[in-house]
Amino acid sequence: MNSWKMECLCIFSLRNLPVSVSSIISHCLIVTLLVCSPRIINGADRFKDGVLVTDSRFYLQQGRSQRISCTSLNDTSDVVVVFWYKLPQVPDGDFEPDLLVRFTLDLHGGNYSAGPRYQLAPDMSLIIKSVVGEDAGRYQCQKVSSTQADNRENEVEVVVLDEEFPAARGVVREGRNITIKRNQQEFEISCPIEEVSNLRQPTVYWSTETSGLDEPTEIVAQMFSDEETYTTNDYRFASSNNLILPAVNSENSVGLWCHVSSSLDHLFLQSARVSVNIQDESYVGLIVGVLVAVTVVLIILVFLVCWKRDRVKRTFFKEDVHLQGPSISSGNQDEWTLETYLGPKGNNFGGKFSSLKSVASFNKSFLAVLDDNGLHTFSPDLTRLDHVTKLKASPENYVTMVTHTDGLLLLLGAKNGDVTSVSFKPFSEKLFCSLSEEKTDPDEKNEDSDSIKEPKGTSSESAALTMVSHELTDLAVDANGDVYAGDNSNHTVTIFTPGQKGCSKRSFELDFPPKILAGGSEGEIFAHNGDHGSPIKRIKVNDKNVETVFLDVKNSPVNPVNVLVDNSHVFIVSDTKVNGQMEILQYDNKGNFLRPFVKPWLGIQGMCMFASGERLALFDHSIVRIYRKQLAKNRVV
C-alpha cells in the first residue's frame, strides 16, 4: 500500500466529524500549525518565488532559496496529509521517488518532517533552499483531503538556471527598438511588458543575447519576488523594474530580453525583446531628424486615408494582428472564423483589459466589456465608442453583467447586492433593484408586490427590516424578463420583477451557494456552486413553489466553471484538468450532449453571442476574441 494511502487511513478522527465541522477544524489547525510552527517556516530565511513558466513548470535560480507551487494544493481548507516527492530521472525505472516533505494534520496537532534542504511554506508550497543543479527534474505533490473526495496529485517540472536564461521564454510579447549614442552613460531602458508595474511581487529577469535570436541568453539582472536584486557586468536596476545600461563603445547593437512572471497574480512567464542600436554621436541628430520627418509624413498620410474611408474601414484588419484562438464547431451547418481581438493583442482601443469579468451585447449588435477599469463599449464594427465609461461605483465592486431581454439595457451587479441598469444615447446608470431590504413606507407601497406570493421560508415582516450585508455572486435573466440575483451570504436567489413603480422581489433558498446563474425559459434558471466537481441544477419557479432538479449531463466527466444558455441550448465551460485549458461543451436543455463547441484553450471564461447570433465573443481574463459565423463549405443550400 502506498505511504500516502496508509497515512490517510490513520486520520479517522477528522473523518468521523460532519464535513462542515471537519473543514473548519482542519482549516484552523493548518493555519495555526503553519504560522506558529518554527519547524515549517524557519531555516529557509527569505524565500523567493521561482519563475512561473506554466502551472506545472518553474525556473529556479541556482544558489537561491526558492518556492514552487502545485495546483493540487490551491485549496487547503480540507487537507489532512500533504506529500512532496522528487521523482526519479527515469520514469519507468526501478527507482523509488524521494520523499522530501510530509505534513499530517489531526485533531491533536500535526506531524511534520522534511529533508535538510526542504521546507513547507504556509500555503503548502515547497521551498528548496540554496538551489543546486541537481535539483532540476520532476516533483510530485499529493494532497489527501478529510473526505477523500478531493484527493489529488500533480507533477511539477523544475529547470535550474545558472548564468543563462533558456530559449524557452514563455509567451513572447511585442518588443521595441531604441537608439542611443555610443559611450552614452547610464541609459535607462523600460520593460516592454507594461503590466509589470501593476503586478504584486513579480519576478523580473533581464538578459542579453550572446549568439542567435532563438538561443539561450546571458542573465545580467534579477529582481525576485522579495524585491532583492542581483546584477552583473555594471548593469543595475533603476526605479520600478527598469534597467540601467552601462556605456557601450564597441558593439553596433545589443539585444536585451525582459522576462516577467508573478506567482501571486498567476501570470505565466512573459518575455519581450528590446533592440538597442548604437550610433556614433555625429549621426544621431541627422537620423533623429529624418525619423521625425518621416513620422510626420506618415501620420499625415494615414490621417488623409482614414478621413476618406468609411467608419467600418477604420477598424483594424486581420493582417494587422497575428490571430490565434481556439477552433469552434457547430456541426455541419456553420463555420466560425476568428475575426479580430479586443485586448492586449488588438489595437482597437489601444488598451488592455484588467481582470475581465463579463461581456454582453446591447442594441443587438453593440458590445460591452466589464473589467476592473470600468465599462468599455464598442459599435457593431468594433470601433471604440467609449474607452472607459464612468460608473457610479468603483469598477472593482462590480462582479457581473447581463443583457436584459429587451436588448436595450445592461444590468450590472455589485458585490453589496445593488443591481443597476445601464442605457445609452445618452449614457445613464440607475438603480434597478437591490438585495438590501429598504424600510417600507405605507404610502409608497409597491403595487406589484401585492400580487407576489412569498415562498416558503420567507416572511413578509422582513420587508420592514434592513439587511446587514449581502454578497451578490451572479445575475441571470429568464425569457420573461425576470431578473435573478444570487446571494452568497445566505444561499438564496432573489427574483426581481420589473413594474411601473419599481420592481417587486421574492426569494427562495438553495442548499448550496449560487455562485453561477444562467437564465433559461420563462421561470427557469440554471445554477451552480462554482465547485468543479459539483453538478448543475435546473430550477423551475412559479407563484406556488420552486422545483430543483439535477441537469442530467449525458457526457461525463464534466468539470463546470461556468454555465451559459442561448435559446434552447446549454453551454458548459468545463475544465479539462490539463495545464489550465478550458473547453465549452454544448447540450440541449435536458442535458443531452450535442458537440464540443469550443476546443480546449488556455483560460476560457465564457462567451457572448450577438448580432442576431451571427457573431460570437469568446473571452478570458484579458482578451476578447471575436468570431463571425460563415456558411460551411460543404453545406447544401
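F508 counts as buried, because its relative accessibility is 5%; buried means under 20% relative accessible area, exposed over 50%, partly exposed in between, with a 1.4 Å probe and protein chains only.

Ground rules next. This is a predicted model: local features need pLDDT of at least 70, side-chain atom pairs count only at pLDDT 80 or more, and totals for chains, interfaces and linings use all residues. Residues are numbered from 1 along each chain as its sequence is written, and side-chain values use heavy atoms, with hydrogens and water left out.

Confidence. pLDDT is the predictor's confidence in each residue, from 0 to 100. The protein's mean is 79, and 78% of its residues reach 70 or more. Residues 439-467 fall below 50, and that stretch has 32 contacts in the model beyond near neighbours in sequence. A contact is heavy atoms within 4.5 Å. Residues 31-44 stay under 50 too, with 27 contacts beyond four places in sequence.

Back to F508. The residue lies in strand β34, residues 502-509. Strands here are DSSP runs of E, at least two residues, and helices are runs of H or I, at least four, all numbered from the N terminus. What does F508 touch, not counting residues up to four places away in sequence? The list is H491, T492, V493, I495, I525, I539, V541 and V546.

Take V493 from that list. V493 stands opposite F508 in β34. The two are 15 residues apart in sequence, yet 5.6 Å apart in space, C-alpha to C-alpha. Strand β33, residues 492-499, pairs with β34 in the antiparallel sense over 8 bridges. Pairing requires at least two DSSP bridges between two strands.

Now the sheet. Four strands, open, antiparallel pairing, order β31-β32-β33-β34. β31 (472-477) and β34 are the edge strands, each pairing on one side only. Neighbouring strands are turned by 20° against each other on average, direction ignored. The axes are lines fitted to C-alpha atoms, for helices over the stretch in contact, and angles run from 0 to 180 degrees between N-to-C directions.

Next, a hairpin. β37 and β38 form it, with 4 residues between them. β37 covers 537-541, β38 covers 546-550, and they pair in the antiparallel sense over 5 bridges. K540 stands opposite E547 in β38.

Last stop, D588. It sits in strand β41, residues 581-588. A polar atom of the D588 side chain lies 2.8 Å from the backbone nitrogen of N592. Leaving aside neighbours within four places in sequence, D588 is in contact with S568, V570 and L594.

Terms used:
A polar contact is a pair of N or O atoms within 3.5 Å; within protein, one must be able to donate a hydrogen and the other to accept it, and residues adjacent in sequence count only if both atoms are side-chain atoms.
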